[in-house]
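Take a look at the chain below. This short report goes from the whole chain to a few of its residues.

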Amino acid sequence: MQAQRVRELIKADFERIFCIGSALSSNIPANTDDGVHVLIHPSAIQTAPLLPGSDSADGTTTKSSGLDAYVQDVMTVPASLAGLPALSVPGGRGTDGWPIGVSVVGQWGCDELVLSLGEIIEG
């Protein structure tokens with residue numbers, strides 16, 4: 001029950017920031033200039049970690065833990081918990097040469113907008 005309450009709080013936070021009402025909400029607000037149509041943020045806190053035991057660019061062997069990979073996904077969790085359409089697309093390269101992911105999150109029912117913007121970013 002506690003997890004469901006937290007999930008509802010996360011959904012309510014997203015409701016407050018979008019200027020487009022959710023198609024699932026019984027009280028859909030009119031579109032206003034307050035709020036955003038989509039959220040754009042990094043998909044991860046850093047570029048992809050090397051596999052355990054892999055040689056890095058400087059020739060040293062890395063020892064990454066399973067926790068490192070889990071922490072990388074923390075940026076994608078809120079949209080998933082809220083049940084919102086979201087995608088991650090390549091948005092450039094980091095200083096280490098690895099791709100940087102960019103997440104696009106939209107309001108429930110705005111899948112086409114999220115996909116269109118993702119296509120623009122990827123291009």
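Predicted model: local features only at pLDDT ≥ 70, side-chain atom pairs only at ≥ 80, totals over all residues.

**Overall layout**

The chain has 123 residues, and 24% of them count as buried. It holds four helices and three strands. Along the sequence they follow the pattern α-β-α-α-β-β-α. Now take the contacts with a separation of 6 or more: residues 24 or more positions apart account for 55% of them.

**Buried residues**

| Residue | Relative accessibility | Class |
|---|---|---|
| Phe14 | 12% | buried |
| Phe18 | 4% | buried |
| Ile20 | 18% | buried |

Buried means under 20% relative accessible area, so Ile20 with its 18% belongs to this class.

The structure holds one aromatic pair. The ring centres of Phe14 and Phe18 are 6.2 Å apart, and their planes meet at 15°, so this pair is stacked.

Ile20 sits in the loop between helix 1 (2-17) and strand 1. Its C-alpha atom is separated by 6.5 Å from that of His37, a residue 17 positions away along the chain.

**A patch on the surface**

Which residues form a nonpolar patch on the surface? They are Ile45, Tyr70, Val71 and Val74. Together they have about 390 Å² of accessible area. Ile45 lies in the loop between strand 1 (38-42) and helix 2 (66-72).

Methods. Residues numbered from 1 in each chain as written. Heavy atoms only, no water. Patch = residues over 30% accessible without salt bridge, like charges linked within 9 Å, V, L, I, M, F, W, Y side chains within 5 Å. Areas by Shrake-Rupley, 256 points an atom, 1.4 Å probe, with all protein chains shown as cover. Salt bridge = Lys/Arg side-chain N within 4 Å of Asp/Glu carboxyl O. Helix = DSSP H or I, 4+ residues; strand = E, 2+ residues; numbered from the N terminus. Phe/Tyr/Trp six-rings, centres within 6.5 Å; stacked < 30°, edge-to-face > 60°. Buried < 20%, exposed > 50% of the residue type's maximum accessible area, 1.4 Å probe, protein only. Contact = heavy atoms within 4.5 Å.
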